[in-house]
Amino acid sequence: MPENSNDQSRRSFLGKFTKGVVGASLFPTILTAADKQRNLQSLSRLREKYSVNDNIQIALIGAGGMGVADATTAVTVPGIKLIAACDLYDGRLSDAKQKWGNDIFTTRDYREILERKDIDAVIIATPDHWHKDISVAAMNKGKSVYCEKPMVHDINEGNEVVAAQNKNKVIYEVGSQGVSSLGNEKAKQLLKDGAIGKLNYAEGFWARMSPFGAWQYPIPADASPKTVGWDTFVSNTNKRPFDPLRFFRWRNYRDYGTGVSGDLFVHLFSSLHFVTSSIGPEKIMATGGLRFWKDGREVPDVMLGMFDYPETREHPAFNLSLRVNFVDGTGGTNYLRMVGSEGSMTVEWDKVTLYRNKQNADTSDPLLQTKKNDGKQYVYERKDMLPPEKLEYIADKGYNGAHFDHFYNLFNAMRTGGKVSEDSLFGYRAAAPALLCNDSYFSNKIINWDPSNLKIVTK
Ligand SMILES: NC(=O)c1ccc[n+]([C@@H]2O[C@H](COP(=O)([O-])OP(=O)(O)OC[C@H]3O[C@@H](n4cnc5c(N)ncnc54)[C@H](O)[C@@H]3O)[C@@H](O)[C@H]2O)c1
C-alpha cells in the first residue's frame, strides 16, 4: 500500500510536538503568558503585495440576498467598481441603484450585461438553475466569473462549465468562500504536518430552527407578473403559471434549487476537499425526510449523507458523515470536524481547534516497565511533561474574513494571470456529491461516483 503524504509528514509534526520544540509555523514568537496557558495561537495572513494598477469593473447578476452581500464585499477590494446589476425582480434593481448609485446600468436581461465591453467580471448569484447557462455564456464573452455555489443545478451540467473555462482561459471561481479562509488554510497545513495522525473520518452539520433559516422568505407586496420576469425565470425549466412562492422561495422547489445538500453540504465538501486535497467520494448514500416545514416544499428538511472516500496519493481512505437539520431545537450552528488516529480538529473559517490524544505522547508502557525490572528493584515512576491536549488557532484581530479573501483571490488571479483554488473543476467536484445526495434520496439508491472521470458508475 503506498505511503501517502499524510503518513510521511505526521512524523515531523509528532517530533516537534512531543519534544515541545515546535517550529515557527506552529507557535508565533511572542505569546502572552495567558495565551500560552490557553494554548491559543494567532492565525494571521501575510500581506501579499499587489498593485492597484488596473481598475476592475464588475457587474452583479442576481441582486438578491447573497448577490448583494457578494457585491458589497467585492467592492471593498481596492480597485474594484460595480457598474451594472441585473435581476428579474424590479424591486431588486431599484434597491441596487439606491445602494450603488443611480448611474449604474440595470437590466432584467443578463445578456445585455455580457455584451458590454466595459465589464471585466460578473458575479452570478441567481438561483441554482441559472448558474450553468449564465456561467457558460459569460465565459464565452471573455468575462471572469464569480459563481455562487453550487456551481451547477444538475450533475450533468458540470462538464460544460469546465469546458467553457478551459476553452476561454478566464478566471472562474465558485462561491464557497470558506476555501479561501485562514481557518481552512491552517487546517490544511496541520493535516499535512500530521497533527491528527492518519485521517480516517470526517463529519459536518448545519443546524437551524427558524422560518427564515428554513427558507420561508418574505414575499414582496408588489410581486406580480408585471414586476417579476417570470417567463425568463422558467425559460430553462418546466413552464408554469406565475407563482411568487416559487420565485421568492425557489430553494424549496427542485426545478430551481438543489435541496439542503446542494445549498449547505456543498460548503462542507468544498472545505473538506480543500483541506485534504481530495477530489471526492466514490460512494454516496442519503436519507432523511420532510419532518416539519410542510409548506408545499419538494425537498427534505432533515438530511443525512454518508460518503466513502478512497485512498489516493493525497490522503488515506476515510468516511464522511454529513447532516442538515432544519428542525433542530438547539438553534443554529454548523460544524466540520476531521478525525485521525491521533487526534481531531474542528475547522471554522477563522478558527481551528486541534485536539491531541494525550495518551500517544506517553510512550512508557507500565506492564513492560514492571517486566523489565522484574519487580525486584524500586522504579521511580517519574511523570512526563505532556504536550498540550488542545490548541486553538484563532484569526488575528481585524481579519477581513473568508468572503473578502475569496474575492481578493479572484481579483488577484485576474490581475496576475494566477489561479484560484475553487475553479470550475474544483467546483464541479464539490457540487457533485451534494447533488448526488438528492439523487440517492429520491431514488432510494446508493450512488457510485468516479471523481477522477466525473462519471456516475453503474455496477
Ligand atoms: N456562499 C454563500 O455563503 C451563499 C449564501 C447564500 C446563498 N448563496 C447562493 O447564492 C445564490 C442566490 O441565493 P440568494 O439567497 O441570494 O437568493 P435570492 O432569491 O435572495 O436572490 C436571487 C436573485 O436572483 C434573481 N434572479 C433569478 N433568476 C434570474 C435570472 N435568470 N437573471 C437575473 N436574476 C435572476 C432573483 O430575482 C433574485 O433577486 C444561490 O445559488 C445560493 O446557493 C451562497
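This report describes the fold, the ligand shell and some local backbone features of a predicted model.

Residue numbers start at 1 in each chain and follow the sequence as written. Because the model is predicted, local features need pLDDT of at least 70 and side-chain atom pairs count only at pLDDT 80 or more, while totals for chains, interfaces and linings use all residues.

## Overall make-up

The chain has 14 helices and 17 strands. Both are DSSP runs numbered from the N terminus: helices are H or I with at least four residues, strands are E with at least two. Of the 459 residues in the chain, 44% are buried. A residue is buried if 20 or more other C-beta atoms lie within 10 Å of its own, exposed if 12 or fewer, and partly exposed in between; the C-beta atoms are placed from the backbone. Contacts reach across the sequence: among those between residues at least 6 apart, 75% join residues at least 24 apart. Two residues are in contact if their C-beta atoms, placed from the backbone, lie within 7 Å.

An open sheet is formed by 6 strands in the order 4-3-2-5-6-7, with parallel pairing. Its edge strands are strand 4 (105-107) and strand 7 (172-174), each pairing on one side only. From one strand to the next, the twist averages 20 degrees. Two strands pair if DSSP finds at least two bridges between them. Strand 2 (residues 56-61) and strand 3 (residues 80-86) run parallel and are joined by 6 bridges. Ala-59 has Ala-84 in strand 3 as its bridge partner.

Helix 3 (65-74) lies across strand 2, strand 3, strand 5 (121-124) and strand 6 (144-147). The helix runs at about 145 degrees to strand 5. Axes are lines fitted to C-alpha atoms, for helices over the stretch in contact, and angles run from 0 to 180 degrees between N-to-C directions. Gly-67, Val-68, Asp-70, Ala-71, Thr-73 and Ala-74 of helix 3 are buried. An α-helix has 3.6 residues a turn, so residues three or four places apart point the same way. The buried residues of helix 3 pack against strand 2, strand 3, strand 5, strand 6 and helix 13 (402-416).

## The ligand shell

Helix 3 also supplies the largest share of the shell around the ligand, 3 residues. Helix 3 and helix 9 (230-233) each give at least two residues to this shell. In total, 25 residues surround the ligand, and the closest are Gly-62, Gly-64, Gly-65, Met-66 and Glu-148. A residue is near a molecule or strand if its C-beta atom, placed from the backbone, lies within 6 Å of it. The shell divides into 11 nonpolar, 8 polar and 6 charged residues. Ala, Val, Leu, Ile, Met, Phe, Trp, Tyr, Cys and Pro count as nonpolar, Asp, Glu, Lys and Arg as charged, and the others, Gly among them, as polar.

## The antiparallel strands 9, 16 and 17

Strand 9 (residues 283-289) and strand 16 run antiparallel, joined by 2 bridges. Here Lys-283 stands opposite Asn-448 in strand 16. Strand 16 also pairs with strand 17 in the antiparallel sense, over 3 bridges. Trp-449 stands opposite Ile-456 in strand 17.

Side chains alternate along strand 16 (residues 447-450).

Val-457 is found in strand 17 (residues 455-457). Val-457 counts as exposed because it has 11 C-beta neighbours inside 10 Å. Leaving aside residues up to four places away in sequence, Val-457 touches Asn-448, Trp-449 and Asp-450. The C-alpha atoms of Val-457 and Lys-283 are separated by 9.6 Å, with the two residues 174 apart along the chain.

## Backbone exceptions

Most residues other than glycine have a negative phi, and most peptide bonds are trans.

| Residue | Phi |
|---|---|
| Leu-454 | near 55 degrees |
| Lys-169 | about 50 degrees |
| Ser-277 | near 55 degrees |

Leu-454 belongs to the hairpin of strand 16 and strand 17, which has 4 residues between the strands. Lys-169 lies in the loop between helix 7 and strand 7. Lys-169 counts as exposed because 9 C-beta neighbours lie inside 10 Å. Ser-277 sits in the loop between helix 11 (259-276) and strand 9. With 15 other C-beta atoms within 10 Å, Ser-277 is partly exposed.

A cis peptide bond joins Lys-149 and Pro-150, with omega about -15 degrees. Pro-150 is found in the loop between strand 6 and helix 7 (158-168).
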